[in-house]
Amino acid sequence: KMIYVNGRLVDETEAVLSALDHGFLYGHGLFETMRAYNGKVFCLDAHLERLEYGMRILGWTEIPGRRDLSEAVYGTLAANGLKEASVRLTLSRGIGAPRPDAATCGSPTVVVFAGPVAARASTVEEGWKVVTVSLRRNLSSPLCKIKSANYLDNMLARSEARQQGAQEGIMLNTDGYLAEGTMSNIFLVSSGKLITPDAGSGILPGITRDVVIKLARRLSITTEERAVLPVEMDKADEIFLTSSIMEIIPVICCNQHSLIKGNITALLAKAYQEHVLSVSCGER
Ligand code: PLP
């Protein structure tokens with residue numbers, strides 16, 4: 001397996017980073033997980049834009065160019081002979097002094113790895129069980145809006161959900177409204193309407209979420225982005241989750257309430273597959 005590290009494609013065994021990298025010392029980094037279909041990275045521009053937004057929020061003085069990052073991603077896919085793949089692009093603030101002062105850092109570290117796409121697990125096909133977890137998205141922190149490498153809140157929330165036999169945990173925000181999953185965005189379907197927490201609800205602005213909203217509007221499904229009360233989950237007719245890697249995951253059980261894999265979820269999942277196919281055909 002070949003991994004891209006700072007401009008070089010090297011064997012996985014040689015892909016090592018400095019112990020003084022601030023990504024390692026302070027979690028000062030960002031990442032994107034993406035899907036390649038037919039050799040094309042789906043929504044690559046949107047992922048790079050979100051990454052740049054993150055770098056600006058974190059005050060990075062040197063922002064790697066989109067062209068270079070895109071070449072790094074495609075170079076990694078080519079080196080591994082992959083067309084259908086999951087790709088992870090990770091950037092850290094780089095090597096600096098062993099104290100929390102980013103001004104001591106040099107250039108950002110860039111790492112890309114890619115792997116084959118695992119067959120969709122039957123649990124994803126059939127639908128996931130989700131539970132509301134105790135950890136909340138902090139509305140006063142800009143970190144929930146960026147895909148920071150500091151992922152410990154998400155991992156703690158996920159393990160809380162796992163302990164309850166659920167595949168995903170749903171986090172509320174510090175105002176008590178619905179935010180998102182630990183690695184996915186959430187959508188509810190209620191009386192034929194599609195409802196999802198808005199950008200101010202402490203969510204990562206998901207790229208799959210954006211695509212799903214556009215597809216829903218194209219299909220004339222009324223779509224609301226707004227503050228969502230947790231009780232709306234209990235009353236929802238359908239619930240699904242979205243993420244680049246997992247695409248659309250139906251929810252079959254939410255906090256002990258059983259749900260069906262409903263028509264609107266199925267309609268959007270089909271529209272998503274068709275959209276992916278139509279934008280992935282042809283050359284990159
Ligand atoms: N929310 C969180 C916290 C995530 O980590 C992710 C992706 O991993 C998402 C939402 C979904 O984002 P996207 O659709 O861009 O993959």
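The radius of gyration of the protein is 19 Å, which agrees with the value near 19 Å for a compact globule of 284 residues. This radius is taken over C-alpha atoms, and the globule rule is 2.2 Å times the number of residues to the power 0.38. The model is predicted: local features need pLDDT of at least 70, side-chain atom pairs count only at pLDDT 80 or more, and totals for chains, interfaces and linings use all residues. Residues are numbered from 1 along each chain as its sequence is written. Along the principal axes, the C-alpha atoms fill a box of roughly 55 × 45 × 30 Å.

Eight helices and 15 strands make up the secondary structure. Helices (H or I, at least four residues) and strands (E, at least two) are DSSP runs, numbered from the N terminus.

Six strands form an open antiparallel sheet in the order E2-E1-E6-E5-E3-E4. E2 and E4 (40–41) stand at the edges with a single partner strand each, so one side of each lacks a neighbour in the sheet. Strands pair if DSSP finds at least two bridges between them.

E1 (residues 2–5) and E2 (residues 8–11) pair antiparallel over four bridges. Isoleucine 3 has valine 10 in E2 as its bridge partner. Two residues separate E1 and E2 in this hairpin, and asparagine 6 in the turn has a positive phi of about 45°. E1 is also joined to E6 (residues 109–116), antiparallel, by two bridges. Here tyrosine 4 stands opposite valine 112 in E6.
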